[in-house]
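Colleague: I have a model open on my screen and would like to learn how to read it. Could you take me through it, one feature at a time?

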Amino acid sequence: MLHWLQDGELNDCFLVPTMLDAIKGDLTQATQAQQPYLMGQLAVKNAISILTGKGSTVPKLQYQDTVLVTKENVADNNAAKFYGPNFK
């Protein structure tokens, strides 16, 4: 959990929601965000492939895209995109 100060008040928030709010509030210009929910889905898919004998189809290296979140696209991004549909 991160702490940030706004209007003289200390707030506790997770990283992505904080950064999205900071971009919306003109406190920062952008952030580069990973997609851990997507990474987890891919890991499970790969594990199933290995367990069902299809491990040869799993690439040795798998690079995941990050998302550049800016003032122009912050409205298109929310915490659920990064942390899954049950994130609150």
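Modeller: Gladly, and let's begin in the middle of the fold. The largest nonpolar core has 7 residues: Leu-20, Ile-23, Ala-33, Val-67, Val-69, Val-74 and Phe-82. Helix 1 and strand 4 (67–70) are the elements that give two or more residues to this core. A nonpolar core here is a set of buried Ala, Val, Leu, Ile, Met, Phe, Trp, Tyr and Cys residues joined through side-chain atoms within 4.5 Å. Buried means under 20% relative accessible area, exposed over 50%, and partly exposed in between, with a 1.4 Å probe and protein chains only.

Colleague: Before we go on, what kind of model is this, and how are residues counted?

Modeller: This is a predicted model, in which local features need pLDDT of at least 70 and side-chain atom pairs count only at pLDDT 80 or more, while totals for chains, interfaces and linings use all residues. Residues are numbered from 1 along each chain as its sequence is written, and side-chain values use heavy atoms, leaving out hydrogens and water.

Colleague: How many helices and strands does the protein chain have?

Modeller: Helices (H or I, at least four residues) and strands (E, at least two) are DSSP runs, numbered from the N terminus. The protein chain has 3 helices and 4 strands, and from the N terminus on they run β-β-α-β-α-β-α. Of its 88 residues, 25% are buried.

Colleague: How do I read strand pairing?

Modeller: Two strands pair if DSSP finds at least two bridges between them. Strand 3 and strand 4 pair in the antiparallel sense over 4 bridges, with Val-69 in strand 4 as the bridge partner of Thr-31. Strand 3 also has two faces: Thr-31 and Ala-33 are on the covered one, Ala-30 and Gln-32 on the uncovered one.

Colleague: Now charges. How many salt bridges are there?

Modeller: Side chains of opposite charge can pair when their charged atoms come close. The rule asks for a side-chain nitrogen of Lys or Arg within 4 Å of a carboxyl oxygen of Asp or Glu, and by this rule the count is 1 salt bridge. The side chains of Asp-26 and Lys-71 form it, at 3.0 Å from N to O. Asp-26 is in the loop between helix 1 and strand 3 and Lys-71 in the loop between strand 4 and helix 3 (79–83), so the pair ties together parts that are 45 residues apart in sequence. Asp-26 is exposed at 59% relative accessible area, whereas Lys-71 is partly exposed at 40%.

Colleague: How can I check the length of helix 2?

Modeller: The expected span of a helix is 1.5 Å times one less than its number of residues. For the 16 residues of helix 2 this should be 22 Å, and the end C-alpha atoms are 22 Å apart, which agrees.

Colleague: Which residues does Pro-36 contact?

Modeller: Pro-36 lies in helix 2 (residues 36–51) and is partly exposed, at 36% relative accessible area. Leaving aside neighbours within four places in sequence, Pro-36 is in contact with Phe-82 and Tyr-83.

Technical notes:
Contact means heavy atoms within 4.5 Å.
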